[in-house]
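Please walk through this protein with me, one element at a time. Keep the sequence and the 3D view side by side.

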Amino acid sequence: MSELMDKHYETFGVKRPVIGCLHMQALPGTPYADPEMTFEEQIRRLKADARTLQDEGFDALVFANEGDRPYLSKVGPETVAGYVRIAAEVAQEIHVPFGCGVLIDPFATLAVAKAIGAKFVRTYVSGSYEGLFGSQKFNPGEIFRYQRQIEATDVRVYTYFEAHAGTCLDTRTSEQMLEAGAANMPIAGALFGGAHAGLPPEASHIIELKKQFPEVPILIGSGGTVDNIGTLLPNADGVIVGTSIKKDGVLWNNVDPARAAAFIKAAKG
């Protein structure tokens with residue numbers, strides 16, 4: 001087993017972690033923010049989700065703020081402050097490894113991870129993209145130097161190499177980008193999903209990636225369902241799931257215990 005795979009196992013305690021999302025509602029200052037959604041209510045909702053996911057056997061949890069759409073690659077201090085207030089309180093009731101991601105802002109993601117004691121993050125650290133959320137450009141040299149500056153090198157960085165609701169301006173294949181990324185950036189692993197949240201990657205793509213990069217942890221970043229996880233997960237090193245375990249399959253709803261239990265059964269047998 002490679003050093004990356006060893007550290008992946010060390011982070012999660014299992015070879016193929018099933019990671020459940022803790023989705024915040026829109027935070028203050030963002031377009032969909034509800035004035036009646038107080039921080040106290042945010043915390044109550046996520047504590048309930050955290051309890052459900054842990055009770056049903058999820059191996060890890062990850063905080064997320066997709067409710068703050070449209071996405072930004074540089075969020076404001078109000079978002080960081082609100083995120084930390086909610087996550088820090090909810091984290092007190094989490095007894096499995098947990099991580100975070102702050103939209104598509106790697107600097108905020110790392111800063112929040114450091115503040116709340118997250119073991120891992122999911123974010124972008126390289127590439128240039130055009131799409132629904134405008135232009136995004138990520139400089140790994142700046143990002144990983146920042147990680148060092150804030151003394152957060154113990155936070156494991158799982159990164160995307162494909163566009164989210166857009167087009168990657170890098171014309172190389174996923175395989176070529178992953179090969180270069182693993183060789184030149186201190187990443188923990190790679191995330192691959194569909195064209196946007198809730199859509200799965202092609203099983204054949206995951207199989208090919210894992211065949212070429214057995215030493216690099218490959219996580220399914222989106223689109224896992226009870227119908228496809230039995231095919232996808234044996235060929236990957238973990239899965240992050242959100243939409244399909246929510247009530248009525250709606251991202252913004254609370255976790256549905258029955259859906260969560262069914263997903264674990266499909267993933268773990």
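Which unit do S3, helix H4 and S4 make? Strand S3, helix H4 (residues 106-116) and strand S4 form a right-handed β-α-β unit. A crossover is called right-handed if, with the strands pointing away from the viewer, the path from the first strand over the helix to the second runs clockwise. Helices (H or I, at least four residues) and strands (E, at least two) are DSSP runs, numbered from the N terminus.

Some ground rules come before the details. This is a predicted model, in which local features need pLDDT of at least 70 and side-chain atom pairs count only at pLDDT 80 or more, while totals for chains, interfaces and linings use all residues. Residues are numbered from 1 along each chain as its sequence is written, and side-chain values use heavy atoms, with hydrogens and water left out.

Now look at strand pairing around S4. Two strands pair if DSSP finds at least two bridges between them. S3 (residues 98-101) and S4 run parallel and are joined by two bridges. Cys100 has Val121 as its bridge partner in S4. S4 also pairs with strand S7 (residues 156-160), again in the parallel sense, over four bridges. Here Thr123 has Thr159 as its bridge partner in S7.

Where do the side chains of S4 (residues 120-123) point? Phe120 and Arg122 point one way, Val121 and Thr123 the other way. All of them are buried. Buried means under 20% relative accessible area, exposed means over 50%, and partly exposed lies in between (1.4 Å probe, protein chains only).

A separate sheet comes next. Three strands form an open sheet in the order S6-S5-S8, with antiparallel pairing. Strand S6 (134-138) and strand S8 (166-168) are its edge strands, and each pairs on one side only. From one strand to the next, the twist averages 20°. Strand S5 (residues 127-131) is joined to S8 by three bridges, and the two run antiparallel. Within this pairing, Glu130 stands opposite Thr167 in S8.

Turn to helix packing. Two packed helices are described by the angle between their axes and the distance between the axes. Axes are lines fitted to C-alpha atoms, for helices over the stretch in contact, and angles run from 0 to 180 degrees between N-to-C directions. H4 packs with helix H5 (residues 140-149) at an angle of about 15°, and the axes are 10 Å apart. That angle makes H4 roughly parallel to H5. Angles under 35 degrees count as roughly parallel, over 145 as roughly antiparallel, 65 to 115 as roughly perpendicular, and the rest as oblique. H4 passes H5 in a right-handed crossing. A crossing is right-handed if the near helix is turned clockwise from the far one by less than a right angle, and left-handed if anticlockwise.

What angle do H2 and H3 make where they pack? H2 and helix H3 (residues 77-91) meet at about 45°, with their axes 9 Å apart. The two helices are therefore oblique to each other. The crossing of H2 and H3 is right-handed.

Finally, follow the charges. Side chains of opposite charge can pair when their charged atoms come close. A salt bridge is a side-chain nitrogen of Lys or Arg within 4 Å of a carboxyl oxygen of Asp or Glu. A search of the whole structure finds nine salt bridges. One of them joins Lys268 to Asp59, with the closest N and O atoms 2.8 Å apart. This pair links distant parts of the chain, 209 residues apart: Lys268 is in helix H9 (residues 257-268), and Asp59 is in the loop between helix H2 (39-55) and strand S2 (60-64). Lys268 counts as partly exposed, at 43% relative accessibility. Asp59 counts as buried, at 12%.

How far apart are the N and O atoms where Lys210 and Asp237 meet? The distance is 2.5 Å. Lys210 sits in helix H7 (residues 203-212), and Asp237 in the loop between helix H8 (229-232) and strand S11 (239-241), 27 residues apart. Lys210 is buried, with a relative accessible area of 16%. Asp237 is buried too, at 6%.

Asp170 and Arg172 form another salt bridge, their closest N and O atoms being 2.7 Å apart. Asp170 is partly exposed at 23%, and Arg172 is partly exposed at 39%. Lys47, Arg51 and Glu93 are linked in a network of salt bridges.
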